[in-house]
Amino acid sequence: MTKIRTYKTMSTNNKAAAVTSTNNFAFEANVLMSAFQPIDIKPAYGRKWVTNGINNGNYKLYIDAYDDSPTNASIINAFVNYIYGCGIYDINGQNIKKYISDEDVLLLCQDYKLFGGYAVQVIWSLAKKPLRIERIDIAKLAVNLDEKNNINGYWYSWDWCAQYKYRPVLIPVYTGVYKGNDLEILSVRRPSREPFFPVPDYLAGIPWANVEGQLANAGKNHFLNAMSVLTVVNYNNGRIHEKEVAEKQAENVRNKIVGTDNQSGVLVSFNEGLEEATTVDQLSPPELNQQNVFYSEEAERKLIVAHSAPPILFAGSNTGNGFSSNADEIATATRGLFRRHINPMREVILNGLNKVFNVIDSSIELDFEDFKEETKLENTNNSTRSQDLENINLIDKPENNNEVPKIIE
């Protein structure tokens with residue numbers, strides 16, 4: 001942790017004060033986190049381990065933002081599909097599926113986009129070489145630090161909120177050198193200022209994912225409540241002071257009116273007289289529908305911005321003047337998406353895997369394989385080691401270079 005040293009007591013306001021001397025200057029100011037930071041991404045120090053928030057709660061926030069927000073889940077799923085494509089392969093032709101499965105690679109891509117990083121188990125063989133690579137849920141890992149605050153291992157627990165039931169187990173960190181351990185953990189994170197845990201690239205959009213989740217929950221409750229009719233039954237000939245008798249009488253009334261399967265609300269009121277009869281008033285905020293529409297659309301826009309996703313690929317576009325114009329915009333947006341986001345993400349993922357494959361066989365060169373439709377029809381040239389754009393054609397060339405292509409009228 002970084003220590004901040006000042007020469008005077010920190011003031012209670014945000015004004016900076018200067019103290020001068022003959023040869024030096026000393027400044028003081030309050031050091032504050034961002035007032036609008038969506039979550040507390042600081043690590044939580046436990047007895048032996050350091051978790052990502054209390055009991056790895058930050059990972060739960062990322063998962064909830066994925067589960068509750070349709071827009072956030074859709075963008076993440078699309079990015080994962082773009083990253084994975086047809087999977088990884090060795091450009092020299094070796095079979096790498098015997099070391100890592102396609103399912104594990106797909107889960108690594110999903111973890112990387114959802115959490116900002118992934119983790120794998122490296123299983124060593126008796127020949128002192130990695131035998132197998134398997135994905136492990138990074139949300140179930142806490143870090144172990146040495147005396148210099150360097151990570152030298154990871155604690156695994158199935159549920160950090162139930163540590164006494166699922167006791168954490170320490171697993172050494174993977175370094176590429178066999179140290180007698182059958183199992184080691186390799187964690188790969190996107191570059192960020194956080195020293196121990198991954199941070200997703202859409203961190204600023206999490207509050208808007210929560211907005212979508214709250215809107216969905218409010219809409220569901222409104223629908224259920226609107227479908228039920230509140231019936232008020234007033235007894236104006238005196239109150240029943242015995243609680244048990246009143247509850248029994250009210251239950252009998254409900255059963256006679258709606259039956260035992262109650263699909264509507266029934267309120268039974270015992271009153272001293274007609275003037276004390278129960279009335280029901282419904283109050284709703286003004287322009288509630290307009291507000292919901294605004295926040296729903298704004299949440300979608302903000303999540304697209306947070307992911308740096310081209311709107312035409314994730315929110316549609318009506319600005320085109322025709323089918324060909326819209327197709328050109330989509331192709332251009334797709335090329336930009338791969339150039340600015342997908343390929344850099346692939347590089348980080350592959351660099352992590354190469355730390356293991358270089359020990360297995362240094363001749364293996366990993367790369368992601370794109371969907372053929374993207375490479376040929378949209379001319380995206382998305383592979384990290386693919387050929388130049390000028391070598392990819394949208395139409396087939398004639399076999400004879402002197403032959404002029406025929407135009408079909």
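Helices (H or I, at least four residues) and strands (E, at least two) are DSSP runs, numbered from the N terminus. On this basis the protein has 9 helices and 14 strands. The model is predicted: local features need pLDDT of at least 70, side-chain atom pairs count only at pLDDT 80 or more, and totals for chains, interfaces and linings use all residues. Residues are numbered from 1 along each chain as its sequence is written, and side-chain values use heavy atoms, with hydrogens and water left out.

**Overall fold and surface**
- Of the 409 residues in the protein, 36% are buried (under 20% relative accessible area; exposed is over 50%, partly exposed in between; 1.4 Å probe, protein chains only).
- Contacts (heavy atoms within 4.5 Å) between residues at least 6 apart in sequence join residues at least 24 apart in 60% of cases.
- Carbon and sulfur atoms account for 52% of an accessible surface of about 25,900 Å² (Shrake-Rupley method, 1.4 Å probe; for residues, only the protein chains shown count as cover).

**Arg-47**
- The loop between strand E3 (44-45) and strand E4 (50-51) holds Arg-47.
- Arg-47 has a relative accessible area of 64% and is therefore exposed.
- Beyond its neighbours within four places in sequence, Arg-47 is in contact with Gln-163 and Tyr-164.

**Arg-346**
- Helix H8 (residues 323-360) contains Arg-346.
- Arg-346 is buried because its relative accessible area is 0%.
- The side chains of Arg-346 and Asp-370 are joined by a polar contact of 2.7 Å (a pair of N or O atoms within 3.5 Å; within protein, one must be able to donate a hydrogen and the other to accept it, and residues adjacent in sequence count only if both atoms are side-chain atoms).
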